[in-house]
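Here is a short briefing to read beside the sequence and the structure. The points are grouped by topic.

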Amino acid sequence: MFAKLTTARSFLAVAGLALSCLFGAVAPTPASAAIPYLQLNAQEPKYAAIVIDANSGEVLYDKRADSPRYPASVTKVMTLYLTFEALSEGRLKLTDRVVMSPRAAAQAPTKIGISPGDSLSVDEAIKAMTVKSANDVAVAMAERLAGSESRFAALMTLRGQELGMRNSRFVNASGLPDSRQISTARDLAILSRATMRDFPQYYSYFSVKGFYFRGNYVKGHNRLLDSMDGFDGLKTGYTNASGFNLAGSAVRDGRRLIAVVLGGPSTAWRDNNMEDLLLTGFDVMKRRSRGERTTIAANIYEEEPSGPIERPSTEQGDGDQAGLRIVLTENPRNPGPVKVSPTLRGAQEAAKPAPKAAAKKPKGEWGVQVGAFKSKSLANDQLKLVRNRFAKMVADAEGAVEGAAGGAFRAQFQGLTSDAAREACSALKAKRMPCMVLSPR
């Protein structure tokens, strides 16, 4: 069962949403109000995209970012958000078991494929969702947390609204085709940012390229994890109705960007578009810091896909489907105007050359430990996350990964004063992140 909500108002909201999922009637969101049962306009191009600064939330680029789209398996980011929430609140442990019900086992591929009554650990379940995009595991996790998938979907919708996803509605935990389940590029960017902001200790699951499950190696679908430097998540998705989707994030020069691409005609086109948007975004941010007034839209050329496109088969929900013909539009419209939404303050600051910061040396002999991990790469990822999110707290510190007994790797920042170390830990713990003050050796 999902956790008890803190207010009667929230409880009634979840109960109401659960009942409406069961009986098929939910008050429409602004994006869906004019679309009966969300039958999206076949004449509108499926492509939509957005790029945001993960630190500030500033929108650097958007195209049809508020138009309703089918999220496909990017839906699982919300399923994982609620899983991470249960872990952080102690309602779930990585070693707990997730039992596969007959209903969960009967889900369409992509799936992990274990029998009804069998189980896997929460850690394995998370990897099955991030790497394999397993639909059966997503349903099993929903049932584990909420008792039924419909109740879990109601909670997904409610949590999305609380995060600011104003145009999203969830009716399943997997992203398998359902015309009632919609989101937007902007909402999925909000969800991606919230996931890494609220649960940075679990974000590294999105960068896992493959894992062993019962003696077999399970390889992931997210090809950019191998081909693009600094790219570390989040989630791919595909159905015939949605096209090829991807919510992604990358880090360059201490700055993190989040991008969402929806409705691509192929995995290659989608991945290339994602990489172009992110690389152009990083270049624009660097040039803005030098005083140039420029935008992503002014530096990228997008040729919109159109016409019928044939694709080979892999897996439903995350890859291509066998024998399906994707028709993006028979009569493609002219591309709509590109909206760029920098904040006024950001635009004003961009007009002034940024002063070069003087190099700072460590001031003290204290430190903080921000986590212990099974691999050195995960520890380094944690250092990057902490430095990006708490830059002021650890600006004068030196990040390092230290090996420990038992094969663990400790992520630490050294060179702080006693007060600075305690202040940093207080800030980290306030955001539900692990931290321990290290006294001088």
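Helix 11 covers residues 376-389, 14 residues in total. From first C-alpha to last it reaches 20 Å, close to the 20 Å expected at 1.5 Å a residue. The model is predicted.

- The buried residues of helix 11 are A379, Q382, L383, L385, V386 and N388.
- An open sheet is built from four strands, in the order 13-14-12-15, with antiparallel pairing.
- Strand 13 (398-403) and strand 15 (436-438) stand at the edges of this sheet. Each has a single partner strand, so one side of each is left without a neighbour in the sheet.
- On average, neighbouring strands of this sheet are turned by 30 degrees against each other, direction ignored.
- Strand 12 (residues 366-373) and strand 14 (residues 409-416) run antiparallel and are joined by seven bridges.
- In that pairing, G367 stands opposite Q414 of strand 14.

- Strand 1 is mostly covered, with six of its six residues buried.
- Both faces of strand 1 are covered. A48, I50 and I52 are buried on one side, and A49, V51 and D53 on the other.
- Strand 1 pairs with strand 9 (residues 255-264) in the antiparallel sense, over six bridges.
- Strand 1 also pairs with strand 2 in the antiparallel sense, over four bridges.
- A49 takes part in both pairings: its bridge partner in strand 9 is V261, and in strand 2 A49 stands opposite K63.
- The hairpin of strand 1 and strand 2 has five residues between the strands. G57 in this hairpin takes a positive phi near 85 degrees.

**A helix crossing**

- Two packed helices are described by the angle between their axes and the distance between the axes.
- The axes of helix 2 (residues 76-88) and helix 6 (residues 149-163) come within 10 Å and cross at roughly 90 degrees.
- Helix 2 and helix 6 are therefore roughly perpendicular to each other.
- Helix 2 contributes M78, T79, Y81, L82 and E85 to the contact. Helix 6 contributes F152, L155, M156, R159, G160 and L163.

**Salt bridges**

- The whole structure holds 21 salt bridges.
- R288 forms a salt bridge with E58, with the closest N and O atoms 3.2 Å apart.
- R288 lies in helix 9 (residues 267-289), and E58 in the loop between strand 1 (48-53) and strand 2 (59-63), so the pair ties together parts that are 230 residues apart in sequence.
- R288 and E58 are both buried.
- D62 and R186 meet through their side chains in a salt bridge, at 3.9 Å from N to O.
- This pair also links distant parts of the chain, with D62 in strand 2 and R186 in helix 7 (residues 185-198), 124 residues apart.
- D62 counts as buried because its relative accessibility is 1%, whereas R186 is partly exposed, with a relative accessible area of 22%.
- D118 forms a salt bridge with R214, with the closest N and O atoms 2.7 Å apart.
- D118 is in the loop between helix 3 (102-105) and strand 4 (119-121), and R214 in the loop between strand 5 (210-213) and strand 6 (216-219). The two residues are 96 residues apart.
- D118 is partly exposed at a relative accessible area of 27%, and R214 is partly exposed at 48%.
- D283, R287, R290 and E292 are linked in a network of salt bridges.

Technical notes:
Residues numbered from 1 in each chain as written. Predicted model: local features only at pLDDT ≥ 70, side-chain atom pairs only at ≥ 80, totals over all residues. Heavy atoms only, no water. Expected span 1.5 Å × (residues − 1). Buried < 20%, exposed > 50% of the residue type's maximum accessible area, 1.4 Å probe, protein only. Pairing = 2+ DSSP bridges. Axes fitted to C-alpha atoms, helices over the stretch in contact; angles between N-to-C directions. Salt bridge = Lys/Arg side-chain N within 4 Å of Asp/Glu carboxyl O. Parallel < 35°, antiparallel > 145°, perpendicular 65-115°, else oblique. Contact = heavy atoms within 4.5 Å.
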